[in-house]
Amino acid sequence: MGGYQIVVCGSIVPDPLQTLEPVTGPVGPALKNELMLPAVLDPWAGHALFEAAHLASKTPGSKVWLVSLGPKAKLQQVMMAVGQKVPFELVAVDGPAGGFLDGHETAAALADAVKAIPGIDRARLLVFGGWESASRGAGATLQMLGERLEIRDQFQGVDQISPQPDGSLEIMERVEGGQHQVSLVASPPALLGWATGSLPEPRNNPQVGMANMKAIMPALQKAKPAKIGVGDIQYLAVTLPKAQRETRVVKNMPTDEIAREIVEWISKD
Amino acid sequence: MDTILFLSHTEQDGTLPKAGLEALGAARALAQALQATLVAGVFGKATQPAASQLAGSGAARALAVTGADFADARYGTDAAAAEALAKAAGATLVVAPHTSRLARVAAGVAYRLGGRVDTHATALLAKDGSPALTRWFYRQRMEATLKRTQRPWLILLDAGCHPAFRPEGGAPSLEEVPVAVADAQRRTQVKGFKAPKSDAQTIRPDAKLLFVAGAGWTKKQADGKPHAEDAEKLILGFLAASKASLGSSKSLVDLSGEGNAVLTFMSHLNQIGQTGATPRHPKGLATCCHGEEPHVVGWRFVNERRAVNLDPNCGWARGKADVVYVADAFEVMAKVNALLAKK
């Protein structure tokens, strides 16, 4: 086998430290000042990318693509940072990436982008992504992408992939109760929605950054536009949760007293 | 008129999971509100024990896909079973529990049926005679009420959002729906389960209390040295005495992943927040955790919140907790453990 072809699908989300406020946009709900908010690569998609690069580095002949759908200007900003981390080839799709959009339409645009990658070989194909986004958080887009690509071996909440000597892949998925389900898939193609995996975020590598940048700018320039909307969804209301709590800040209370209060509190039904 | 399919897998013993009974309760209430037809559909290695749990649900039909091929949670066979049940029911709405097993296949099944899907629903409603749901966006930062026109519409209901259905009366007879399984659907084999690296099971979804340990437990203390071993004893001692579920901030589990000398029982599975879990517990106690927004979004469904922190200006004190004790968590938890031991 000539290594894996790993296609990572990952979009951008507002920096988690930003305050988010819903507003009504032309096609449905949106975020206030959405285009002004600093963006980051969707965290679980980021883990998928780092795991993909790690797997590719251990398997000669492998290659990683990052298929990313988002506003071109925002993608450029985020790729400047992500491109320093691990080697990949960007496939950019120019379109909106908000949480209120319909995952069905997003999956269709991503499927078109993946199918258009030259030389994709199903026998070597692994499709990665985050198991849920930090925007819509549905865990649906990747599954529908898999169906569109006719990949019927799918895994969600993945924390580990281990290639076996016979070409099969052992995969650990999160299930209830803090456990992992361990499965063995005979061979690619397979689709994996990643949770956090087990790798720390790679340090910036200037050499990787230089190599990536040569291809990132042309990829952004030739990004195909995708028309993504809310589909058949009718939003009846979008609200922020209730205002802040009235916090009682307890200072100078003896430790014994604090402990007694906590034990009383946790013992109360 | 809508036909609502309550869809669930069964456990290994053939009974419905608790979240399944909750989804059944929600599907039944929605069917009554919409005057819709309710159909039940279950799949698994064994399904007969589930029949008695459907008793009194008002389901017009009870369908089942049963067999060894459906014993394990596997995309190929689970999706085939769910697709067959939805088609056999003629469902326009499918209500299912948001278990890991159904979350793996629901969107794929919706695609096959030419329908749409919404997951992590927190409530099902009847609005002007049509179904609607509520769910959160941007990791529990804002809540939306929405409906769809496309059918079938598959909805996964989060656990803990609706009272579980209580069966009464005689069990309906199950109508078996045949599903042919090809070798291509068996390319994946489930080998078993693995518990996280820990001395004890620390994740307890049904616990009344969530105990969160932040990175402060591993920092240098008043004597200028870290005391990770003491922290481990205090935390595990508290978990044993209180039966609480253990959560963590991202910074602490990241430290574990980077090989630092830290809390050995902590893994990414314990992580709460933006890139972790959003568990449901009546109470939560945060210790040595700053309570910044990316972490606190994971506390959206924790009702009563208290925190122990040395910093009186930490995030918890800014309206995110009900009570913040400005104190040393090592000292407080040692006293708490001593009090619990006396009980």
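## Strand pairing around β6 of chain A

In this predicted model, strand β1 (residues 5-9) of chain A pairs with β6(A) in the parallel sense, over five bridges. Within this pairing, A:Cys9 has A:Val67 of β6(A) as its bridge partner.

Strand β7 (residues 89-94) of chain A also runs parallel to β6(A), and six bridges join the two. The chain passes from β6(A) to β7(A) by way of helix α2 (residues 72-82) of chain A, forming a β-α-β crossover that is right-handed.

## Burial of β6

Strand β6 of chain A covers residues 63-70, and seven of its eight residues are buried, so the strand is largely enclosed by the rest of the structure. Burial here requires 20 or more other C-beta atoms within 10 Å of a residue's own.

## Domains of chain B

Chain B is divided into two parts: domain 1 spans 3-186 and domain 2 spans 209-342. Taken over C-alpha atoms, the centres of domain 1 of chain B and domain 2 of chain B are separated by 36 Å.

Four residues from domain 1 of chain B and five residues from domain 2 of chain B take part in the contact. On the domain 1 side of chain B, the residues touching domain 2 comprise two polar and two charged residues, with no nonpolar residues.

How values were computed: Residues numbered from 1 in each chain as written. Chains lettered and ligands numbered in written order. Predicted model: local features only at pLDDT ≥ 70, side-chain atom pairs only at ≥ 80, totals over all residues. Domains from an automatic or database assignment. Contact = placed C-beta atoms within 7 Å. Nonpolar A, V, L, I, M, F, W, Y, C, P; charged D, E, K, R; others polar. Buried ≥ 20, exposed ≤ 12 C-beta atoms within 10 Å, placed from the backbone. Helix = DSSP H or I, 4+ residues; strand = E, 2+ residues; numbered from the N terminus. Pairing = 2+ DSSP bridges. Right-handed = clockwise from strand over helix to strand, strands pointing away.
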